[in-house]
Amino acid sequence: MRRLLGTAATLVVVVYAFIALVDPWGMLPLRLPLPRETVTTNQRFSYPMLARDPRFDSVVIGTSSARLLRPPELDQAFGGRFANLSMNSGTAWEQSQILALFTRSHPAPRTVLVGLDMVWCESGPLRRLTPRPFPDWMYGANLWRGYAEILNPFAAEEAGKQALAMLGLARPRYGRDGWADFLPDDARYDAPRAAAGLVPPPSEPAPAGTPVFDFPQHALLAERLAALPPSTRVLLFLVPYHVSLQPQPGTLEERRWAACRRDIAAIARARPGTILADFMFPSSITREGTNYWDPQHYRIGIADRLVRDLAEAAAGRDTPDLRIIVPPAR
């Protein structure tokens with residue numbers, strides 16, 4: 001029994017030391033001085049390392065509807081060095097956490113882009129998390145706490161992946177700037193299949209009177225923007241859902257999105273140097289079904305068009321596919 005317990009204890013110590021030294025997420029104070037890749041599918045684990053990376057001075061925050069914006073294209077259009085830290089299905093609270101972490105690590109960001117989709121226009125109680133795990137310790141100031149969080153099978157598995165990536169035997173999940181094309185190969189795009197999914201969901205007619213909407217997540221947005229220095233250029237943009245998913249006239253959804261736009265516009269106007277632009281209307285992008293894989297996700301070529309339009313918005317110019325709600329200060 002003593003030999004058995006001694007062997008088990010030795011194994012635990014070896015595994016713990018392996019996890020701590022490899023440090024699969026690049027967040028522990030003491031670790032092997034080697035470059036790390038993004039090896040975890042859940043961006044909530046992979047992106048804090050990038051949010052702290054001094055190579056970057058600009059960032060994109062959002063959900064999967066902003067993930068295809070390529071940092072090299074953004075670097076060229078806006079200047080600076082971008083990381084795309086948009087999270088699949090990220091709640092507004094989770095997005096605010098990664099932006100807060102980026103801001104603490106980069107006290108004077110050059111440019112911040114925030115892609116606004118339905119999670120920023122949800123009415124009702126604040127939704128903090130999804131079923132995906134969220135590692136709070138990575139987003140706080142005390143990273144020593146991580147040593148109490150890493151002795152588990154998941155951390156051991158991810159440490160193994162990181163070790164293989166360090167040895168060149170495994171591919172990272174995302175690029176060193178956070179970007180990855182998470183959609184199927186565009187060469188296999190099936191237009192009829194995509195078109196079959198572009199069907200408007202059932203909608204509720206607008207009630208009589210003026211409905212009241214509550215957007216608690218907007219307070220998070222205002223707080224995060226207020227924490228940025230005046231020198232930081234901020235560009236908020238409503239993402240381009242396909243028209244089938246956009247709110248239909250005369251519905252409760254239309255009223256909710258209109259109220260959401262007004263609230264966000266007030267936040268943008270309250271913070272000098274903030275622009276609010278809108279892709280969420282019928283346009284040559286959003287009307288064309290072959291631009292989309294599904295109502296929320298456009299194809300990779302459209303992402304590059306969005307970058308060019310966002311650069312125009314930063315200069316104070318509308319485009320056929322983008323409207324400026326709050327223009328840049330003159």
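Reader: How many cavities of 30 Å³ or more does the count come to?
Author: This is a predicted model, in which local features need pLDDT of at least 70 and side-chain atom pairs count only at pLDDT 80 or more, while totals for chains, interfaces and linings use all residues. Residues are numbered from 1 along each chain as its sequence is written, and side-chain values use heavy atoms, with hydrogens and water left out. A cavity is a set of points, on a 1 Å grid over the protein atoms alone, where a 1.4 Å probe fits but cannot get out. By this rule, and with a threshold of 30 Å³ or more, the count comes to 1 cavity.

Reader: Which helices each supply at least two residues of the lining of the largest cavity?
Author: About 50 Å³ of space lies in the largest cavity, where grid points are joined across faces, edges and corners and the volume is the space filled by probe spheres set on the points. Lining residues have an atom within 4 Å of a point, and here they are I61, Q95, S96, L99, V114, W120, L220, L221 and R224. Helices in this model are DSSP runs of H or I with at least four residues, strands are runs of E with at least two, and both are numbered from the N terminus. The helices that each give at least two lining residues are α4 (92-105) and α7 (217-226).

Reader: How do the lining residues of the largest pocket divide by class?
Author: A pocket is an open set of points with protein on both sides within 12 Å along at least five of seven lines, and the largest one holds about 310 Å³ of space. It is lined by 16 residues, of which G26, R31, R36, M49 and D53 lie nearest its centre. Ala, Val, Leu, Ile, Met, Phe, Trp, Tyr, Cys and Pro count as nonpolar, Asp, Glu, Lys and Arg as charged, and the others, Gly among them, as polar. On that scheme the lining divides into 7 nonpolar, 2 polar and 7 charged residues.

Reader: How many residues of α2 are buried?
Author: Buried means under 20% relative accessible area, exposed means over 50%, and partly exposed lies in between, with a 1.4 Å probe and protein chains only. The elements that cover the buried residues of α2 (43-51) include β2, α4 and α5, and M49, one of those buried residues, is also among the residues nearest the centre of the largest pocket. The helix is largely enclosed by the rest of the structure, because the buried residues of α2 number 9 of the 9.

Reader: Which exposed residues are carried by the face of α3 turned away from its buried side?
Author: In α3 (residues 71-78), P71, L74, D75 and F78 are buried. They lie on the same side of the helix because they cover an arc of only 105 degrees around the axis, the arc being that of the directions from the helix axis to the C-beta atoms. Their cover includes β1 (58-61), β2 (82-84), β3 (111-116), β4 (233-238) and α9 (300-314). The face turned away from them carries the exposed residues P72 and Q76.

Reader: Which residues is F237 in contact with, leaving aside its neighbours within four places in sequence?
Author: A nonpolar core is a set of buried Ala, Val, Leu, Ile, Met, Phe, Trp, Tyr and Cys residues joined through side-chain atoms within 4.5 Å. The largest such core has 91 residues, and F237 belongs with L69, L85, I98, L113, L236 and L310 to those that touch the most other members. Taking contact as heavy atoms within 4.5 Å, and leaving aside those sequence neighbours, the partners of F237 are A66, L69, L113, V114, G115, L116, A277, F279 and L310.

Reader: Is V119 buried or exposed?
Author: V119 lies in the loop between β3 and α5 (153-166). Not counting residues up to four places away in sequence, it touches T63, G90, T91, A92, Q95, R127 and Q217. With a relative accessibility of 9%, V119 counts as buried.

Reader: What is the phi of D23, a residue other than glycine?
Author: D23 is found in the loop between α1 (2-22) and α2. Its relative accessible area is 1%, so D23 is buried. Its phi is positive, near 50 degrees.
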